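Q: I am new to this structure and would like a close look at a single part of it, the packing between its helical segments. Please take me through it slowly, in one connected answer.

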Amino acid sequence: MESIQSIKQRFEIIGQDPKLNRALEKAIQVAPTDISVLVTGESGVGKESIPKIIHSLSHRKHAKYIAVNCGAIPEGTIDSELFGHEKGAFTGATQTRSGYFEVADGGTIFLDEVGELPLTTQVRLLRVLENGEFLKVGSSQVQKTDVRIVAATNVNMFEAIKKEKFREDLYYRLSTVEINIPPLRDRQGDIHLLFRKFASDFGQKYKMPTIRLDENAIALLLKYRWPGNIRQLRNIAEQISVLEEGRAISGATLHGYLPNSQGSNLPAVVNGSKSESDFSNEREILYKVLFDMKGDLNDLKKLTMELLKNNDSQKVQEENENLIRKIYGEDDEEIETRDASSLNVLQLPEPTIEKPYVPTAQEDKYHFAEEIEEEETLSLQEKEIELIKKSLERNKGKRKAAASELGISERTLYRKIKQYDL
Ligand SMILES: Nc1ncnc2c1ncn2[C@@H]1O[C@H](COP(=O)(O)OP(=O)(O)OP(=O)(O)O)[C@@H](O)[C@H]1O
Ligand SMILES: [Mg+2]
């Protein structure tokens with residue numbers, strides 16, 4: 001029998017918690033049989049690797065493995081997806097089609113989010129589980145299949161049964177063996193281990209040194225409730241790896257990334273301050289990226305105009321040395337000298353028009369495009385003002401902290417405050 005350790009390696013499962021080990025052990029034990037398995041556990045705990053392990057350790061491993069997300073298929077088509085349909089069974093059924101239960105004959109079907117199955121489909125599923133029989137939609141001819149079912153759910157099945165959303169007989173048929181994956185908060189020993197693994201993966205992915213948590217941050221990591229479990233931990237490791245400049249992460253910084261939702265068992269604020277880099281809203285980050293891009297675009301436009309007007313590229317290079325360095329490689333000093341006006345639409349010289357000017361259809365189109373661009377810039381400016389205001393509010397008017405959060409120098413921030421009269 002393959003060891004838990006080698007399974008973990010093969011399926012990239014991190015963790016040493018005894019409850020996780022028990023779940024994997026159960027999967028290994030049940031794999032060679034044809035017993036139906038129900039994998040339970042909160043969202044993001046890692047249920048999806050269990051059916052893969054079971055399939056790959058079973059005698060079905062060379063046959064098909066089909067994963068079906070029952071929650072993602074519309075109610076009207078799920079029967080046809082699972083069991084197939086006859087030509088003419090419903091409008092649009094122009095051909096006879098095989099369903100997953102026919103295609104996966106001899107293999108395994110993973111029914112993810114099984115609690116979402118409509119009641120009519122549950123009846124069909126019960127029949128397959130009981131004697132391997134099913135009917136295509138629109139057909140009265142019984143077909144046979146030999147499929148092993150592994151199902152998963154993150155909802156409380158007893159509640160669903162009580163509310164008559166799930167058939168009790170089907171539940172017992174599906175859960176001959178139940179494998180429960182514990183929530184991350186109950187796997188204390190694994191939390192930091194997983195974080196370190198993800199941090200190292202993202203460090204490599206984004207070609208940056210790996211972030212490291214200080215003692216306070218580790219304590220916070222262990223205390224947090226992790227309502228989204230490993231999926232959430234992974235996302236947070238990625239966000240911090242990308243957004244934080246420093247690689248040593250303090251408790252306060254980490255706190256800024258942990259949503260203070262009902263899922264948290266933390267007090268609202270730690271150390272009385274929020275992380276400097278807490279962009280509470282992803283949109284804000286996008287706006288910031290847009291401002292930067294807009295600024296670069298205007299700089300490029302300016303440079304192109306200079307080159308067009310002035311045939312001497314050497315001269316243009318000398319005269320625009322700062323601009324060129326800013327676009328093609330800027331250091332802090334150049335960010336310092338970057339003027340807030342770079343966000344404005346560049347004022348191009350007016351064309352000299354001698355006689356009344358009637359634009360051609362083509363020119364009119366461009367003119368229109370320019371107007372749109374101007375409008376976009378205006379609304380971008382509004383967003384920038386909003387961004388600055390929010391950052392100043394968040395940092396209680398402290399310009400240094402706000403500037404660092406916004407990724408600009410204090411001087412630039414000061415200029416913007418004056419420019420926008422904030
Ligand atoms: N032990 C683990 N080691 C490494 N990564 C893991 C581990 N468990 C889960 N993951 C990762 O966490 C993420 C979420 O896991 P998965 O998709 O299996 O969650 P789930 O339990 O199916 O959640 P849901 O109920 O929301 O579908 C995946 O990216 C998965 O690779
Ligand atoms: Mg899942």
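A: A crossing of two helices is called left-handed if the near helix is turned anticlockwise from the far one by less than a right angle, and right-handed if it is turned clockwise. The model to which this is applied here is a predicted one. Two packed helices are described by the angle between their axes and by the distance between those axes.

With that in mind, the pair formed by helix 4, residues 75–83, and helix 6, residues 119–131, has axes that come within 9 Å and cross at roughly 15 degrees. Because angles under 35 degrees count as roughly parallel, helix 4 and helix 6 are described as roughly parallel to each other. The crossing of helix 4 and helix 6 is left-handed. On the side of helix 4, the residues that make this contact are Ile-78, Asp-79, Leu-82 and Phe-83, and they meet Thr-120, Thr-121, Arg-124, Leu-125 and Val-128 of helix 6. Sorted by class, the residues in the contact of helix 4 with helix 6 comprise 5 nonpolar, 2 polar and 2 charged.

Another pair joins helix 2, residues 18–30, to helix 3, residues 49–56, and here the axes come within 8 Å and cross at roughly 35 degrees. Helix 2 and helix 3 cross in the right-handed sense. In this contact Leu-24, Ala-27 and Val-30 of helix 2 face Ile-50, Ile-53 and Ile-54 of helix 3, and the residues of the contact between helix 2 and helix 3 divide into 6 nonpolar, with no polar and no charged ones.

By class, the contact of helix 9 with helix 10 holds 5 nonpolar and 2 polar residues, and no charged ones.

Terms used:
Residues numbered from 1 in each chain as written. Chains lettered and ligands numbered in written order. Predicted model: local features only at pLDDT ≥ 70, side-chain atom pairs only at ≥ 80, totals over all residues. Heavy atoms only, no water. Axes fitted to C-alpha atoms, helices over the stretch in contact; angles between N-to-C directions. Helix = DSSP H or I, 4+ residues; strand = E, 2+ residues; numbered from the N terminus. Parallel < 35°, antiparallel > 145°, perpendicular 65-115°, else oblique. Contact = heavy atoms within 4.5 Å. Nonpolar A, V, L, I, M, F, W, Y, C, P; charged D, E, K, R; others polar.
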